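Please look at the structure below and read the short report that follows.

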Amino acid sequence: MWGFTILVCAALAVIVVNVYSISTDAQVARSRELAEASCLAIASEYNQSTAGAAGAAPASRDLMKALLELTLREASGVEGGFWHHRDGFVAYAYPTHEGSEVKRDPPETEREPIALLARQSLERSALAVDIRPGTRETLVRVACPVQAVQPGLAVWTMTRVPLAAGKAYDRVRLGLGLLLAFVAGMGAWLLWSLSRWSGQLRSIEGRLAEQPAEPPQLLVVTGDAELDRIVHGVNSYIDRLQAEKARSLALAGSLAHSERLASLGRMAAGIAHEIRNPLATMRLKAENALAADTSDQASALRLVLTQVERLERVVRSLLLASKPLALDVTDVNVECWLGEHLGPLNKRLDAAQITLKVECNTSTWRFDPVHLGRALENLLDNAVTYTKPGGTIHVTAATKADTLLVRVADDGPGVAADVRARLFEPFATGRADGTGLGLMIVREIAKAHGGDARLIDSSTGAVFEIEIPWRTS
């Protein structure tokens with residue numbers, strides 16, 4: 001728009017300049033220049049032609065007329081002649097006259113003004129100019145002294161500028177000038193409006209770019225009707241987005257509750273099976289002990305205690321799994337956190353002759369140290385259980401992009417193929433004394449942090465990984 005407006009204004013300016021060049025003032029100025037140049041040229045030629053001549057009488061009139069004819073033939077519309085202070089008009093020529101007859105004498109009405117102008121030029125010894133505007137035309141008269149041996153001799157020239165065409169061009173020039181001013185004003189106003197509109201649009205864009213992720217803020221109206229349509233549209237979208245977010249959070253809570261109920265349902269079936277077998281064993285042994293001697297009773301009671309302990313582990317894991325997770329996320333020094341949860345394992349590792357290798361490639365992360373510590377302990381318990389004496393357990397903590405990866409790897413027999421598909425489901429276990437709730441708890445804790453837990457494919461042993469994304473709030 002700036003370029004187009006400038007182009008239009010430049011084109012109008014060129015037109016105005018061209019029209020001015022054919023206006024009355026311009027034509028009068030050009031005619032004056034032509035008359036002055038012709039007068040000086042005739043005087044100069046005469047001086048050169050009579051250089052060295054003597055006598056008081058004017059030079060040959062034929063020479064004067066020849067000079068006039070030759071010089072004025074190149075000056076269209078200019079007539080002229082010689083004037084002497086004693087003899088008056090001594091020579092005259094108008095070679096470009098367009099009439100049917102050849103003009104041989106100056107106009108009668110112009111003789112007196114020309115003679116007066118010639119006397120002025122002689123008195124001043126300088127060029128004299130007289131411009132007389134009229135109703136139809138403007139007369140331009142010029143007189144200049146001849147600096148020769150002949151005193152009192154002057155050259156005069158005269159031309160006419162018609163006013164009818166000049167006035168028409170003046171009106172055209174005025175109209176084009178007003179049009180140029182109008183176009184320039186309208187262009188400036190339009191460009192100011194567009195610049196202001198563009199600035200407000202950039203302001204809206206900036207406010208959108210500076211919007212915090214949570215929660216989005218409504219935009220302020222600008223006062224411009226068109227831009228406010230965009231503002232109202234964005235604000236309406238933000239309102240709907242917040243409403244849909246609230247609805248999504250409610251649905252997510254309902255879904256989590258439903259999934260938990262479904263998991264508890266699956267747990268109930270598993271619990272019935274897990275509790276029924278130890279109870280049947282305890283009942284059988286207790287009945288046999290009652291019918292047997294004292295030594296058999298002691299053995300039976302030890303077996304009963306073992307089964308009761310197994311039941312306690314099932315109930316304890318079930319209680320932990322049934323409790324809702326309320327995370328207390330904070331900045332945690334990962335290396336210190338690992339030390340707190342790996343330290344209590346030293347005695348068990350020494351007794352099992354297992355080597356523990358720890359690698360930490362990150363300093364601080366945000367998570368719940370208590371719940372994630374419980375998940376880590378569950379993975380370590382599995383690793384110690386399945387690792388043979390002389391084996392090694394690797395624990396690593398590293399960051400990848402915006403995610404913390406905690407990995408526990410052992411060199412045991414790995415996970416059986418028939419258990420892999422339901423590994424993180426309740427009561428899915430390959431151990432005779434296992435509850436099958438540990439890995440389920442690990443995944444729930446990871447998901448509560450917005451991450452996940454998975455089994456990594458490995459050629460040797462089992463490798464479990466917990467991913468915890470960075471939490472900004």
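Asp 130 stands opposite Arg 141 in strand β4. In this predicted model, β3 and β4 (residues 137-145) pair in the antiparallel sense over 6 bridges.

Both strands belong to an open sheet of 5 strands, in the order β2-β1-β5-β4-β3, with antiparallel pairing. The edge strands are β2 and β3, each of which pairs on one side only. Direction ignored, neighbouring strands of the sheet are turned by 20 degrees against each other on average.

| Helix | Strands | Angle |
|---|---|---|
| α2 (residues 24-49) | lies across β1, β3, β4 and β5 | about 155 degrees to β5 |
| α4 (residues 108-124) | touches β1, β2, β3, β4 and β5 | about 40 degrees to β4 |

Another topic is the surface. Which residues form a nonpolar patch there? The patch consists of Met 1, Leu 179, Phe 182, Met 186, Trp 189, Leu 190, Trp 192 and Leu 194, and together they have about 840 Å² of accessible area. Leu 194 is found in helix α5, which covers residues 163-209.

Some totals describe the protein chain as a whole. The chain has 12 helices and 12 strands. Of its 473 residues, 36% count as buried. The accessible surface comes to about 27200 Å², and 57% of this belongs to carbon and sulfur atoms. Among contacts between residues at least 6 apart in sequence, 67% join residues at least 24 apart.

Notes: Residues are numbered from 1 along each chain as its sequence is written. This is a predicted model: local features need pLDDT of at least 70, side-chain atom pairs count only at pLDDT 80 or more; totals for chains, interfaces and linings use all residues. Side-chain values use heavy atoms; hydrogens and water are left out. Helices (H or I, at least four residues) and strands (E, at least two) are DSSP runs, numbered from the N terminus. Buried means under 20% relative accessible area, exposed over 50%, partly exposed in between (1.4 Å probe, protein chains only). Contact means heavy atoms within 4.5 Å. Accessible areas come from the Shrake-Rupley method with a 1.4 Å probe; for residues, only the protein chains shown count as cover. Patches are made of residues with over 30% relative accessible area and no salt bridge: like charges are joined within 9 Å, nonpolar side chains (Val, Leu, Ile, Met, Phe, Trp, Tyr) within 5 Å. A salt bridge is a side-chain nitrogen of Lys or Arg within 4 Å of a carboxyl oxygen of Asp or Glu. Two strands pair if DSSP finds at least two bridges between them. Axes are lines fitted to C-alpha atoms, for helices over the stretch in contact, and angles run from 0 to 180 degrees between N-to-C directions.
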